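Please read it with the structure open.

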Amino acid sequence: MTVPAPSRLADSGPDRWSSSSGSSNTSRRASSPDDQITVAGSDAPQLATQAGDEFAPGAVISRYMVLSRLGSGAMGVVYAAYDPELDRKVALKLLHPRSGSSLDSKVRLMREAKALARLSHPNVVAVHDVGTFADRVFLAMEFIDGKTLGAWLKEKAQPRPWREVLAILGKAGEGLAAAHAAGLIHRDFKPDNVLIARDGRVRVLDFGLARSAADASPEDTEVDPAAAAVLASVSSERRERSQTEAALLTRTGALVGTPAYMSPEQHLGRFADPRSDQFSFCVALYQALYGVRPFGGERMTSLAFQVLQGKVGAAPPGTTVPAWLRRIVLRGLNVDPELRYPGMPELLADLDRHSGGGKRRRGLLLASAALVGLGLWLGLRATANTPTPCQGAPLHLRGTWDPERSAALGEVFRTSKLPYAAATWASVRPSLDLYALRWTHAFTDACEDTHVRGEQSGQLLDLRMACLERRRIELHELTEVLQAGDTAAIEKASEGVSGLGDLAACADVTALTALVEPPTGTLKEDVERVTAGIARASALELAARWTEAAELTAAAIADPATAAYPPLLAAALRVHARVQRRLGATAEAAESLRSATQAAARGRDDRAAAEAWIDLVFLAGAYLNQAELTHAYTLAATATVLRSGADPLLRAHLDANTFVAQIRLGDPDLAAGDRALAYFEANPDADPNEHHRVLNSLGIVRMHRGEKQGARDLFERALKLGRQHFGADHPTNAIVLSNLAVLALAEKHPEEARRHADESAKIRRVLPENHLDHADTEEVYAAIAEARDETSVAAHHYRRALAIYEAGPHPPPTKIGALHNNMAILAVAEDRPRDAIHEYRSALAAFRQVSPDNEYTLTVEENLAQSLLTVGDLADARSLQDHVILLLQARNGPQHPDTAAARAVQAQILLALGEPGEARVLLEDALPVLEQAGPDYRPRRGLARYTLARCLAALHHDPPQQQRLLELAGADLDGDPDPASQRALAELRARDPSILPPAPR
């Protein structure tokens, strides 16, 4: 049996998770003649008005002087006007005469307008004044210079990412929720009734169709025969449920709003309530996400039919909108209002819970990739001309990330001799720009929530600012270490940026308020000092300055300030564990992570606890090789991820770590790997390092399962991603090229394997002489030499790989064990059994350092037992094989083919010891199992048959059966290159040449 050297996995710090939560989506807004501009900003189209509605510039309406006409909507005309009393520009909406033709209508409209004026919310257009002029009702509203959501969706050639869509529509949803809380229903929510100001703030506009829930009246209704025909075509169950409303299909009353966005109850003429606005909101959200509306139909009747039937179209091909988001939108589009969310707050909370937003995020629109190129420092100019209580957020990043730091860091990468440095900088710089820009918006948003909008307490502001300060410190320490220009740091720069803390967490009110109270006074300063030390240690890890990093984390753990604040202790222990793992102290790293989970629990930091458990999953499987422990940690990690809010990013990290751990344990669950890959494929802006690792790991598993084409596809996708993101010459690509070489060998293409191996080796020439990646190159070259039957060349490469591993400060026992085992196999092939035994014993010692009973240990024990059998050291061989059988029975059961094959080997040893009867019992028990096993067990079945024939001969029993067994054994063993099989064949030919033709000379 052969222990292949484990395929190379990208060990680029897989437990250093990215906190980035950006993503991408395909969504283009489809235009429609049903859309109408209702409130205008600078981008509003100039729509024609009805005769008699015009007021020329200079005309006075009440005290307001008309400046220009902005647009027209269903309920009135909007003008830009000047308010001389308050010296400000306003948007003046003058309702059409028909909107208030009766005294009752005017009274109702005035009452509704005054209710709007009392509603003060940052996401609802402010109403300054309400009155009448020439028997018409008017509203004076804040003048907003901006564009509608409809225009914003149209202005890009490519669809908007779904997170950007949620950032905008989430704010609009908060405006709707505020209106509902005030007793108002919009009844005409659509993209063109949402305005995005130039400062990024979102307002819901045109409550011209709004009605107070208490004032709804059937007097506004009138029958619409066309809609009645639609109702007649719906299902009987729904028709029975709607009989009382069948006559309330209206033209002028309840049937108000833009038809494409109207709820089923509005189409049916029923009274609209907040759930009707929810339905319209979800129509707009669906359209923004997918670029098409959920319901087809160009005519009113066909549209109403689709809406009443609930016939939502399929998602367009190629969409990246996550499944959880589609489920939320579809619930809001349910025909039955009772099956929608109870209200807008519940819908928004569900969106936040799944998207990882916690408290709804503000300003992420301005942090889109399109603005990254502008640079953070342009924000200084923007804020300098508009003084506010919260201006100057970029100033807080001076010396951390500003033009000077960016230029200096760029020079470090530019002057580096590493061939991939320039490409790495081209990827890292915009990522740093984006992170810093998001930081400034998060800072400004936190400040304005308290000092401008009055939405949060000073205590909550302190919590958010403390969180942002920790993020700033992390960014500062990372750029400090990168500026030192260490080769390892430049190589891992992208990973370092991905590992920066999650800014969205600093707006998660639920999580922040759940934490234990942070220290105040002098102790607060101590906490900031320790935080800086932890952040520096994390950055030094990237530069492979592990001893220095370990000293910093150890000092942080021992600091009294850390003991006083459990969340800080959890952070210190987690970084300390990573460094311990780098230094080879894996058992100590596991203990640190277990302590981190406890500290996080004491600090009520659910996310930190989840991250520590996820790290433990990887450590237990990939380094400690403990399957049961890995499973237990996976259960604990799953529970804490759910407790922390079921963040999809955390779930993806858990799946990725579980999958890699299972690969190392030899029992990977493809479902976990596929789930992780699905997340990264649906979120192109998520951590490319993790995306790359999952692709490569899935390729390895597919390759080991014989799914060669699937493996090739995954490796090639990983290589493409690596070249795009890291540059063609980055060492990450060499890992994938090595795996492509191994795959080519499995496909019997040694020349292709050599090309991939040479390209990998060329990339790795820039690495230090004893870099562990060179050992991987040597292993691949050894495998190629073996495929060419160049055993001496293969042994040379294996010895070079072994020397590289042993020269390191912490030789990896699994790698060393695999190399010794493979050199032993070469010795067996060259008929050097004593050398093979020496190598097998060295392999066994290495694997037992990891675990006495892992899969590799069992394999080497059986290999060693067979070699001991060859040289006649039967007592040791029997003892080893007894242990193998015992463990295989415990692991797989007595009827597993592996257990049966191990019994057959033990029978060979017993026969050599002169115990053919006992050997026969073992074989007659094992053979039926092996005969039912697949083709992979054919050579072992042949050896079992051959050995049983010898036992019967030694017992002088059943010669015809002996002959049948020998004939079957010859067919099984023919063509198998294993030395034991070849020896058995040689003996068969010597006994009876008629069984098989003689071996070719």
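**Notes on the disulfides, sheets and rings**

1. Start with the cysteines. Take the bonded cysteines of the protein in sequence order, and they pair 1-2, 3-4. Please keep in mind that this is a predicted model. Searching the whole structure gives two disulfides. As a reminder, a disulfide is a covalent bond between the sulfur atoms of two cysteines.

2. The angle about the S-S bond is -75 degrees, and the link of Cys-390 and Cys-447 is left-handed. Where do the two cysteines lie? Cys-390 sits in the loop between α12 (378–384) and α13 (403–415), while Cys-447 belongs to helix α14 (residues 421–451), so the bond ties together parts 57 residues apart in sequence. Both Cys-390 and Cys-447 are buried.

3. The other link to check is Cys-467 to Cys-506, at 2.0 Å from S to S. Its torsion about the S-S bond is about -70 degrees, so this disulfide is left-handed. Cys-467 lies in helix α15 (residues 458–483) and Cys-506 in the loop between α17 (493–498) and α18 (509–514), so this pair ties together parts that are 39 residues apart in sequence. Cys-467 is buried, at 2% relative accessible area. Cys-506 is buried too, at 3%.

4. Two further cysteines deserve a look. Cys-282 has a relative accessible area of 0% and is buried. Cys-951 is likewise buried, with 0% relative accessible area.

5. Now the six-stranded sheet. This sheet is open, its order is β1-β2-β3-β4-β6-β5, and its pairing is antiparallel. Which strands stand at the edges? They are β1 (60–61) and β5 (127–133); each has a single partner strand, so one side of each is left without a neighbour in the sheet. Further in, strand β4 (residues 88–95) pairs with strand β6 (residues 136–142) in the antiparallel sense, over five bridges. Within that pairing, Lys-93 has Leu-139 of β6 as its bridge partner.

6. The three-stranded sheet comes next. It is open as well, in the order β7-β9-β10, with antiparallel pairing. At its edges are β7 (146–148) and β10 (202–204), each pairing on one side only. Neighbouring strands in this sheet are turned by 25 degrees against each other on average, direction ignored.

7. Look at the contacts of β9 strand by strand. β7 and strand β9 (residues 194–197) pair antiparallel over three bridges. Thr-148 stands opposite Leu-195 of β9, and Gly-146 has Ala-197 of β9 as its bridge partner. Three bridges also join β9 to β10, again antiparallel. There, Leu-195 has Arg-203 of β10 as its bridge partner. The hairpin of β9 and β10 has four residues between the strands, and Gly-200 in this hairpin takes a positive phi near 90 degrees.

8. Are the faces of β9 covered or open? Both faces are covered. Val-194 and Ile-196 are buried on one side, and Leu-195 and Ala-197 are buried on the other. Helix α3 (residues 162–181) lies across β9 and β10 and runs at about 40 degrees to β10.

9. On to the aromatic rings. How many aromatic pairs does the structure hold? The count is 13. One of them joins Phe-618 and Tyr-623: the ring centres are 5.6 Å apart and the planes stand at 65 degrees, so the pair is edge-to-face. Phe-618 is buried, at 1% relative accessible area. Tyr-623 is partly exposed, at 22% relative accessibility. Elsewhere, ring pairs link Phe-55, Tyr-79 and Phe-133 into a cluster.

10. Finally, charges over rings. Lys-89 lies over the face of Phe-143, 4.2 Å from the ring centre. Arg-331 lies over the face of Tyr-341, 3.9 Å from the ring centre.

Note on methods: Residues are numbered from 1 along each chain as its sequence is written. This is a predicted model: local features need pLDDT of at least 70, side-chain atom pairs count only at pLDDT 80 or more; totals for chains, interfaces and linings use all residues. Side-chain values use heavy atoms; hydrogens and water are left out. Two strands pair if DSSP finds at least two bridges between them. Rings of Phe, Tyr and Trp (its six-membered ring) pair if their centres lie within 6.5 Å; planes under 30 degrees apart count as stacked, over 60 as edge-to-face and the rest as tilted. Buried means under 20% relative accessible area, exposed over 50%, partly exposed in between (1.4 Å probe, protein chains only). A charge sits over a ring if NZ of Lys or CZ of Arg is within 6 Å of the ring centre and within 35 degrees of the ring normal. Axes are lines fitted to C-alpha atoms, for helices over the stretch in contact, and angles run from 0 to 180 degrees between N-to-C directions. Contact means heavy atoms within 4.5 Å. A disulfide is a pair of cysteine sulfur atoms within 2.5 Å.
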